[in-house]
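This note is meant for someone opening the model for the first time. Please keep the sequence and the structure side by side while reading the numbered points.

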Amino acid sequence: MKSTFEAENIVRGYTAMDRLQKPEQTILSLLRERLGYMKMLDIGVGGGRTTVHFAPLVRQYVGVDYAANMVKACEERFSDREDHISFGEADARYMNQFPAGSFDFVLFSYNGIDNISHDDRLLALKEINRVGKSGGVFAFSTHNLRSLHKVYKIKFYKNPKKLAYQILSYFLLIWLNGFPGKHQRKPYTIVNDGTHRFGLKMYYIQPEYQIKQLEASGFCNIRLFSVSTGHEIDPAKLDQVVDDGWIYYLCEIE
Ligand SMILES: C[S@@+](CC[C@H](N)C(=O)[O-])C[C@H]1O[C@@H](n2cnc3c(N)ncnc32)[C@H](O)[C@@H]1O
């Protein structure tokens, strides 16, 4: 898994990205007035897509990743960075280098938290809660189990190579994971959804269960945002959120 994120072509792909996703734009707007006072930890920083937008606005910015090549790519991409911006290697599960209560804002964007096992996810949430200040904020995204059926949809390309890959992928998905119905009633599941040419296992979770998991890990005032619109999701209508491949969560550290 980590080796997938160390690969040269994957690092290059993430380093070329610079646009915020819609719910990230919403979260930035919601926090904008406070960002200038905030010390921010950007976990799983990848190629620095979020650095472009958040680092200039916060009091201090630390971007970390467990993939050394991602950290290197960020150091090169932001070689003329200001003094309040730094990068380093860190694994979300064990961030011993940071004392408790170090950060006002912790971000783990673009489903980085989905690349670890269930037990490790709980460890990571505990660590995030520890390094975050009480009253600080945590934002992250995670795959929506209600949308898993979409992964199995075949796109009918005219290009025969692309079409062949789609059909092959469909059968691989069934071979590796079974049909989506097998997973969709669970609170969470881990599947190989074909991301990065089947190079990753991915955690998918029901939004209701994600809320419970966050509450049990010491987070409160949990808000959800749609990846397709950037709008806040009504907690009473979570069962209708079937199209968003992933959801952004914004919550407070207790
Ligand atoms: C999907 S990429 C997202 C990159 C970047 N945050 C963005 O939004 O463009 C996920 C990133 O999380 C990192 N990652 C995954 N698990 C991690 C962990 N346990 N600790 C730190 N980084 C992790 C990967 O190396 C990868 O760079």
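**Notes on the model**

1. Helix α10 is followed by G218, whose phi is positive, near 90°. The model is a predicted one, in which local features need pLDDT of at least 70, side-chain atom pairs count only at pLDDT 80 or more, and totals for chains, interfaces and linings use all residues. Residues are numbered from 1 along each chain as its sequence is written, and side-chain values use heavy atoms, with hydrogens and water left out. Helices (H or I, at least four residues) and strands (E, at least two) are DSSP runs, numbered from the N terminus.

2. Helix α10 covers residues 207-216, and P207, Q210, I211, Q213 and L214 are buried in it (buried means under 20% relative accessible area, exposed over 50%, partly exposed in between, with a 1.4 Å probe and protein chains only). Seen down the axis of α10, these buried residues fall within an arc of 165°, so they line one face of the helix; the arc is that of the directions from the helix axis to the C-beta atoms. K212 and A216 are exposed residues on the face of α10 turned away from the buried side. The buried residues of α10 pack against α6 (118-131), β5 (132-144), β7, β8 (219-226) and β9 (246-253), where contact means heavy atoms within 4.5 Å.

3. F140 belongs to strand β5. This residue is buried, with a relative accessible area of 0%. Leaving aside residues up to four places away in sequence, F140 touches F108, I113, R121, Q210, L214, I247, Y248 and Y249. Q210 and L214 are among the buried residues of α10. The C-alpha atoms of F140 and M17 are separated by 18 Å, and the two residues are 123 places apart along the chain.

4. An α-helix has 3.6 residues a turn, so residues three or four places apart point the same way.

5. Two loop residues come next. G44 sits in the loop between β1 (39-43) and α4 (51-54) and is partly exposed, with a relative accessible area of 26%. It touches V64, D65 and F108, not counting residues up to four places away in sequence. The C-alpha atoms of G44 and N111 are separated by 9.1 Å, although 67 residues apart along the chain. Q97 lies in the loop between β3 and β4 (103-108) and is partly exposed at 43% relative accessible area. With residues up to four places away in sequence not counted, Q97 touches E89 and A90.

6. Which backbone angles deserve a second look? Most residues other than glycine have a negative phi, and most peptide bonds are trans. Y110 has a positive phi near 50° and is not a glycine; it lies in the loop between β4 and α6 and is partly exposed at 32% relative accessibility. R197 is not a glycine either and has a positive phi of about 50°. R197 lies in helix α9 and is exposed, with a relative accessible area of 67%.

7. The chain is divided into domain 1 (2-144 + 206-253) and domain 2 (147-198), with bounds from an automatic or database domain assignment. Their centres, taken over C-alpha atoms, are 26 Å apart. The contact takes 15 residues from domain 1 and 12 residues from domain 2.

8. Where does the largest pocket lie? Both domains give residues to its lining, so it lies between them. A pocket is an open set of points on a 1 Å grid over the protein atoms alone where a 1.4 Å probe fits, with protein on both sides within 12 Å along at least five of seven lines; lining residues have an atom within 4 Å of a point. The space in the largest pocket is about 1300 Å³, a volume being the space filled by probe spheres set on the points, which are joined across faces, edges and corners. The lining has 49 residues, and H143, D193, T195, M202 and W246 are the closest to the centre.
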